[in-house]
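Try each task before reading its solution.

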Amino acid sequence: MRNARFFLAALFCAVLTLHAAVNDEQPLPEQAVELSKEIEIQKAQEELSKIQKELSRANSIWLKSYNSYMAYQESRKSLRDVKYRIEQLQNRAPNLERKLEIEALQAKQKVLIDQIELLKAQGTSPFVSLLKPDEAGELPSITNPFDIVTGLSYVKRLNSQYHDYVLREEELQELIALLERQVGLYKDLTRLNPTVDYEVELEATLLQVEKFKLALETLISTADVYEKRIESTEAKINKEVKDQIFKLLNISMIVIILFLISFLFKRVIKRYIVDNERFYMANKIVTFINVTLIILILLFSYIDNVGYFATVLGFASAGLAIAMRDWFMSLLGWLVIVVGGSIHVGDRVRFVKDGMEYVGDVLDISMQRITIMEDVTLTTVETNRRAGRIVFVPNNYIFTSMIANYSHGSLKTVWDGIDIIITFDSNHKKAAHIVKEICRKYSKGYTDITRKQINKLRDRYSLKNSNVEPRVFTFIESNGVKVSAWYLTNAYATLTLRSTISADIVDAFNAEHDITIAYPTQTFYTAPIPPKSPSPMDVQ
């Protein structure tokens, strides 16, 4: 409708001007002026309406904050008026009408107090929260490589907050430009149409512009200070990051050098140490020293107060020693094993725990456990009936359980025994002689090896009995005479030699007519017992 009126007014003005030009007359000055004013008023009102719509759609945080401020001020003013009116009514003579009015005013007073409490944050200044930059948190101190990511994230967060702060400034400048244009339009409308009063709107808009300009000045100065602060913080963090990267490179070089030295030591050990056990232990020691040095370098590189760390570590160790007793005992057991040398990798050991018995070879000795490969042994045959299991024995068991080492030191042989029972009427002397000869025959090599090994052990231990020859004993049992033979055999292959000797003894006894292997039997004589014929050895 306004566009149509504006178009008709412009068309009417153009027609009057054209008519005057055709008739060579002067245009009607009063009509032309009125039409021109109306056109300008229409243009100003349309532009003003457009600005107001734009401001209402802008959803600006500055306008919201200012409106909250004005609402706070208006609520305070209304509260003062309500209190003043209540006092006036209370000073007058009471009646029903005044009593009802006082109750209504008191209810309104309560509502206004609640509104003021809600808008209290905007009371002193409408833009306190908007002018104050967002807090990025405490400035991180970069003391180790893990803090580098924290420092870079902090810088990124600062820049993001500064960008948001600059956007607030741009938004405020655009808002001020719109409000200044609105002020100009109100002034034009007041000049063109004095009959309409725009004074209230003009004063309100001028107050808005004044408040927003003061906020803009504060915002610009704060932004400059904020930018310098960010630059200083970023420079400090970048310097600390560079220092940590340089420090990390130095530590990495030291660690690489330690690994190279460890590798060279292991190569030298592999070349000059032929014995597998000593090579394994030396290799373990080099690895342990290398890892310990690396841990100490890392600790002293990234711990500023070593004394404080030692104090904290002392209290922590006391608590951990109670809570992790088995773990520390295993560590202590590992030290005892390594320093004492009672068990080495490759040793044949026997371990008993809770009625279970395991015999096998030591595969590894770590800081927490001994790893054993269970082998086929006499224990396997008679007790477990299975083998090949990997058994993990905690190191702390050396303090509480019995562990037997079949191959300790230079000894690689053990005594093994075979028992065989013959009847009472057998020639037990001949049987003992046969068993001893068979044992001597098959164990001679192990006997010679053991004799040399024992001579070496005399430097470390006090050895009273150094007899290494096979031993045969005879005992009376309920069902016959038991011949017990003991001989030296390979600690890692006892069953093999035991099987061979057992088979030869049975064959030898079966070949003799005066030696009978006993087993649970009963003999009944229906005639007189025949006399024993003398054996060839007795005749001799």
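**Exercise 1.** Work out how helix α6 and helix α7 are arranged in this predicted model.

*Solution.* Start with the ranges: α6 covers residues 146–192 and α7 covers residues 199–272 (helices are DSSP runs of H or I, at least four residues, and strands are runs of E, at least two, numbered from the N terminus). Next, take the geometry: the two pack at about 165°, with axes 8 Å apart (axes are lines fitted to C-alpha atoms over the stretch in contact, and angles run from 0 to 180 degrees between N-to-C directions). The pair is therefore roughly antiparallel, a label for angles over 145 degrees. Finally, sort the contact residues: 27 are nonpolar, 10 polar and eight charged (Ala, Val, Leu, Ile, Met, Phe, Trp, Tyr, Cys and Pro count as nonpolar, Asp, Glu, Lys and Arg as charged, the others, Gly among them, as polar).

**Exercise 2.** Find the strand order of the five-stranded open sheet and its edges.

*Solution.* The order is β4-β3-β2-β1-β5, with antiparallel pairing (two strands pair if DSSP finds at least two bridges between them). β4 (390–394) and β5 (403–405) each have a single partner strand, so one side of each lacks a neighbour in the sheet. Now zoom in: five bridges join β3 (residues 369–374) to β4, and Thr 371 has Phe 392 as its bridge partner in β4.

**Exercise 3.** Where in the chain is confidence lowest, and where highest?

*Solution.* Begin with the chain mean, a pLDDT of 78 (the predictor's confidence in each residue, from 0 to 100). Helix α1 (residues 2–22) is lowest, at a mean of 48, and strand β7 (residues 471–477) highest, at 91.

**Notes.** Residues are numbered from 1 along each chain as its sequence is written. In this predicted model, local features need pLDDT of at least 70, side-chain atom pairs count only at pLDDT 80 or more, totals for chains, interfaces and linings use all residues, and side-chain values use heavy atoms, leaving out hydrogens and water.

Key. Parallel < 35°, antiparallel > 145°, perpendicular 65-115°, else oblique.
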